[in-house]
Amino acid sequence: MSDRRFMLYDTMSKSMRELVPQESGHLKFYSCGPTVYSYAHIGNFRTFLTADLVVRTAEALGWQVSYVSNITDVGHLTEDSLADAEGEDKMARALQSKEGERFANVWDLADHYADAFVEDWRRLNLRDPSVRPKATQHMREQIVAVQELIAKGHAYETPTGVYFNVASFGDYGKLSGNRDQDDLMRAVRDVVQDDNKRHPADFALWKKDEKHLMQWFSPWGWGFPGWHIECSVMAMRYLGETLDLHAGGEDLRFPHHECEIAQSEALTGKPFSKLWIHTRFLQVEGEKMAKSKGNFFTVRDLVEGKNADPLALRYALISVPYGKPFNFTMQTLRDASTNVERFRLCEEKVAAAVSAARPGDDAIGPELDALYDESLSAMLNDLNTSVALAKALEGTRVILREAELSGACAVSAQRFLDRINALLGIVRHEADAPASTSPKVDEARIEAMIAERAAAKAGKDFARADGIRDQLAAEGIELRDSPEGTTWRRRASLEGHAPS
Ligand code: AMP
Ligand code: ZN
């Protein structure tokens with residue numbers, strides 16, 4: 001592949017920038033996770049899938065990825081779309097709702113929705129993060145961070161809590177563009193005014209509240225942390241003071257990410273993240289999702305309620321690049337099902353061909369390798385999933401157009417499906433053993449390659465025969481030729497036998 005630069009649209013500089021890990025070949029990536037007061041909806045998953053695709057693309061480049069995606073289980077308030085934290089805690093409100101009646105307390109509610117969330121995450125075949133920290137399990141670090149911000153003159157205590165002093169941080173507004181006083185005042189115009197605050201845009205780091213359902217003791221009495229400080233603390237705790245990349249949905253640019261930047265940079269004096277990406281909101285049937293409009297879907301509504309294939313739902317949700325508007329419809333899901341089915345047909349055809357081990361050339365390998373490269377190139381171009389999926393589908397056409405696959409073709413097709421699955425996650429679930437690593441199929445594949453090598457030798461194509469030997473050697477498989485045929489052994493001691 002010619003250009004292996006990973007380009008992303010950076011919402012801080014508003015330009016395409018190359019993602020270059022500070023530590024070569026090791027990406028440090030934070031993606032804001034869900035607030036677990038209810039089941040996650042398919043819009044949330046559009047955003048989480050963007051993060052998943054970043055991880056998969058980085059891995060395809062051979063990078064190691066430290067990937068942190070948190071769970072917010074306290075402190076996200078109903079009015080948090082404004083700079084200040086106001087309103088009720090979403091967790092507490094959920095407990096008091098009709099659905100909340102089945103929970104004994106707010107902790108049970110948080111656990112239930114956090115578990116359900118991870119279940120949905122795996123159903124849609126997202127890679128597990130390296131760490132999935134919970135805000136409630138990082139309370140001490142948050143309190144210490146708030147103390148430090150006070151000590152550095154960036155925060156102050158009032159009778160209601162501890163607030164970040166926006167005027168003390170000259171760069172406030174650099175992500176969202178809410179920089180000058182007019183913009184800032186417009187952005188926070190609906191904030192419930194707290195006379196103790198120095199500026200309406202100052203935001204809560206700690207809320208004093210002795211009646212809150214989830215509370216901790218702090219130097220400022222009983223209370224709970226602000227939503228923004230949670231993410232700053234968890235990101236820096238696991239990834240260091242400067243991340244390579246930070247992601248979230250478009251609504252998080254302001255105030256959540258703006259506030260994360262202010263707190264983190266005020267604490268460390270270093271840039272908080274090198275790049276920022278934000279996923280455009282998913283709409284359903286042309287409108288913003290809302291329970292009242294009947295167009296609001298959780299993953300389980302579709303998978304359990306409407307029998308949708310989870311891989312098809314995944315395919316549908318990534319079918320439009322993350323930075324583009326996306327109107328999800330039931331037709332999108334039906335089209336995705338048809339496409340996912342093509343990959344299944346390929347899997348079946350390849351598994352059968354691997355066992356049959358028919359002799360013959362590898363007529364499709366170079367074409368499939370080129371299509372994989374084009375799919376990866378599309379992903380490197382700001383996660384252009386529509387092109388990446390189109391290239392993957394073209395590969396299925398190549399595999400399915402052959403009436404019968406030779407053993408050699410089957411090996412190439414298997415490699416294509418494995419690599420497309422690693423990149424896009426649409427062929428099979430990660431939890432299912434990939435065909436090439438299940439012992440039985442793997443043995444059949446090796447034997448097919450040995451048969452192919454014997455055929456190449458018989459046809460005096462020694463370059464091809466040596467190529468197969470080298471490919472197997474690279475996988476740790478040694479061949480021994482004898483008058484009775486060729487045997488093979490894995491260097492790790494697993495042995496097998498193949499007829500010549
Ligand atoms: P929340 O659970 O509200 O904290 O949201 C979790 C993530 O989902 C955040 O990154 C949000 O920006 C994102 N999100 C919420 N609604 C949508 C939507 N309709 N489309 C895409 N992302 C969304
Ligand atoms: Zn966050």
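Guide: A residue is called buried when its relative accessible area is under 20%, exposed when over 50%, and partly exposed in between (1.4 Å probe, protein chains only). This is a predicted model, in which local features need pLDDT of at least 70, side-chain atom pairs count only at pLDDT 80 or more, and totals for chains, interfaces and linings use all residues. Residues are numbered from 1 along each chain as its sequence is written, chains are lettered from A and ligands numbered from 1 in the order in which they are written, and side-chain values use heavy atoms, with hydrogens and water left out.

Visitor: Is Glu-285 buried, partly exposed or exposed?

Guide: Glu-285 counts as partly exposed because its relative accessibility is 46%. Its phi is positive, about 50°, although Glu-285 is not a glycine.

Visitor: Where does Glu-285 lie?

Guide: Helices (H or I, at least four residues) and strands (E, at least two) are DSSP runs, numbered from the N terminus. Glu-285 sits in the loop between strand S12 (282–284) and strand S13 (287–288).

Visitor: Which loop holds Lys-460, and why is Lys-460 put in its accessibility class?

Guide: The loop between helix H14 (439–458) and helix H15 (462–474) holds Lys-460. Lys-460 is classed as exposed because its relative accessible area is 63%. Lys-460 also has a positive phi, about 60°, and is not a glycine.

Visitor: How many helices and strands does the chain have, and what share of its residues is buried?

Guide: There are 15 helices and 17 strands in the chain. Of its 500 residues, 57% count as buried.

Visitor: What does Lys-90 touch?

Guide: Contact means heavy atoms within 4.5 Å. Leaving aside residues up to four places away in sequence, Lys-90 touches Thr-35, Tyr-37, His-76, Leu-77 and Thr-78. Lys-90 belongs to helix H2 (residues 90–96) and counts as buried because its relative accessibility is 18%. For the chain, residues 24 or more positions apart make up 72% of the contacts with a separation of 6 or more.

Visitor: How are a pocket and a cavity told apart?

Guide: On a 1 Å grid over the protein atoms alone, a cavity is a set of points where a 1.4 Å probe fits but cannot get out, while a pocket is an open set with protein on both sides within 12 Å along at least five of seven lines; lining residues have an atom within 4 Å of a point. Grid points are joined across faces, edges and corners, and a volume is the space filled by probe spheres set on the points. The largest pocket here holds about 1,400 Å³ of space. Its lining has 50 residues, of which Tyr-37, His-41, Asn-44, Lys-90 and Asp-251 are the closest to its centre.

Visitor: Which helix gives the most to the lining of the largest pocket?

Guide: H1 does, with 4 residues. Others that supply at least two residues each include H2, helix H3 (106–123) and strand S10 (243–249).

Visitor: How many cavities of 30 Å³ or more are there?

Guide: The count is 1. The largest cavity contains about 70 Å³ of space. Among its lining residues are Arg-46, Leu-49, Leu-317 and Tyr-322. Helix H1 (42–60) and helix H9 (310–318) each supply at least two lining residues, and the largest share, 4 residues, comes from H1.

Visitor: What is the peptide bond from Phe-254 to Pro-255?

Guide: That bond is cis, with omega near 5°. Pro-255 lies in helix H7.
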